[in-house]
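Colleague: I am new to reading protein models. Could you walk me through this one, feature by feature?

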Amino acid sequence: MTTDYNKIAEQYREVKGRPWRSLVEEYSMLQLIGPVAGLKVVDLACGEGFFTRKLRQQGPASIIGTDVSREMIKLATEREQAEPLGIDYLVEDVRAEGPRLDNDLAVAAWLLVYAHDREELAAMCRGLARQLRPGGRLVTLTTNPQLYFFEEFDFQKYGFQIHLEEQAREGALIRWTGRLKDGSRIEVDNYYLPEEAYASALKAAGFCDIVFHPLSLSPEAAAEADFWADMINQPPAIMIEAIRA
């Protein structure tokens, strides 16, 4: 992983406060995830616990958040200590070998984007499969591979921009640049892999019923639908849903 979240944890948390995160990303993910009451849930690449806390408030039987970044887990733990919801957070690399777990639902927002190539993607998908019981469900969100095939796009009005390499080669750099309140910027590096690579890696890891889903706009923003049109019509991210066979 190129981006060192141990160095930018605070800034990344600030970026999460942008309206597009709540009105598009959060809304889309929670709609797709659906009810979690009574389920065993794991939130992988949980960062500062953004989705972990949202899901915990819906009454799962249990929920754990994991992230490879110690600083991100520190932020999540500090929030949990200040406003306890009953969440355990662990520093963990999803690619690490370990025992098979029996979670009903695995959520992984912005995880697979860090796979440089198919081999690394395969390792991540095997790690995701390890988290779930047979029949368990995965919902993940990743940078939209179709970005390379949009005629043009400009997301500056939403508070960020995306820079691509000239050609859509596998492993090509996708750099997200977000503006912070003090005028500075934060950069997060992702990598291009085609949709077929995601589907193949998930299938090889033991997933079935793999479906790609578009983003959608929260009804709260319906009055500003024209403003959000670029985000919805040329979405910078997509969601993937799959079932552990």
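Colleague: Let me begin with the outline. How many helices and strands are there in the protein?

Modeller: First, a caution: this is a predicted model. The protein has seven helices and 10 strands.

Colleague: What are the dimensions of the C-alpha trace along its principal axes?

Modeller: The trace spans about 45 × 40 × 35 Å. Then set the radius of gyration beside the value for a compact globule. With 245 residues, such a globule would have a radius near 18 Å. The protein has 17 Å, so the two agree.

Colleague: What share of the residues is buried?

Modeller: Buried means under 20% relative accessible area. Of the 245 residues, 52% count as buried. Now look at the outside. The accessible surface comes to about 11,300 Å². Carbon and sulfur atoms own 49% of that surface.

Colleague: And contacts? What percentage join residues at least 24 apart?

Modeller: Take the contacts between residues at least 6 apart in sequence. Of these, 69% join residues at least 24 apart.

Colleague: Where does UniProt place the "domain: Methyltransferase" feature?

Modeller: The record puts it at residues 41-136, in an unreviewed entry. Treat that label with care, because such annotations may be inferred rather than shown by experiment. In the model, this span is 34% helix and 27% strand.

Colleague: Now the inside. Which residues touch the most other members of the largest nonpolar core?

Modeller: The core holds 73 residues, and M29, W110, L121, L128 and F207 touch the most other members. Helix 2, residues 19-33, gives the most to this core, with six residues.

Colleague: What is M29 in contact with, leaving aside its neighbours within four places in sequence?

Modeller: M29 is in contact with F51, V107, A109, V139, T140, L141 and M239. Find M29 in the view, then look for each partner.

Colleague: What is phi of A45 near?

Modeller: Phi of A45 is near 55°, which is again positive in a residue other than glycine. A45 lies in the loop between strand 1 (40-44) and helix 3. A45 is partly exposed, because its relative accessible area is 24%.

Colleague: Next, cysteines. How many disulfides does the count give?

Modeller: A disulfide is a covalent bond between the sulfur atoms of two cysteines. To count one here, look for a pair of cysteine sulfur atoms within 2.5 Å. The count comes to zero disulfides. C46 is in none, and its nearest cysteine sulfur, that of C125, is 19 Å away.

Colleague: Let me try a loop. Is P60 buried or exposed?

Modeller: P60 is buried, because its relative accessible area is 6%. It is in the loop between helix 3 (50-56) and strand 2 (62-67). Beyond residues up to four places away in sequence, P60 touches V36, A37, G38, L39, V41 and L55. Take L39: P60 and L39 are 21 residues apart along the chain, yet their C-alpha atoms are separated by 4.8 Å.

Colleague: Which loop holds L85?

Modeller: L85 lies in the loop between helix 4 (70-82) and strand 3 (88-91). Its relative accessible area is 28%, so L85 is partly exposed. Leaving aside neighbours within four places, L85 is in contact with R53, R56, Q57 and E80.

Colleague: One last residue. Is N233 buried or exposed?

Modeller: N233 counts as exposed, because its relative accessibility is 59%. N233 lies in helix 7, residues 225-233.

Terms used: Residues are numbered from 1 along each chain as its sequence is written. This is a predicted model: local features need pLDDT of at least 70, side-chain atom pairs count only at pLDDT 80 or more; totals for chains, interfaces and linings use all residues. Side-chain values use heavy atoms; hydrogens and water are left out. Helices (H or I, at least four residues) and strands (E, at least two) are DSSP runs, numbered from the N terminus. The radius of gyration is taken over C-alpha atoms; the globule rule is 2.2 Å times the number of residues to the power 0.38. Buried means under 20% relative accessible area, exposed over 50%, partly exposed in between (1.4 Å probe, protein chains only). Contact means heavy atoms within 4.5 Å. Accessible areas come from the Shrake-Rupley method with a 1.4 Å probe; for residues, only the protein chains shown count as cover. A nonpolar core is a set of buried Ala, Val, Leu, Ile, Met, Phe, Trp, Tyr and Cys residues joined through side-chain atoms within 4.5 Å.
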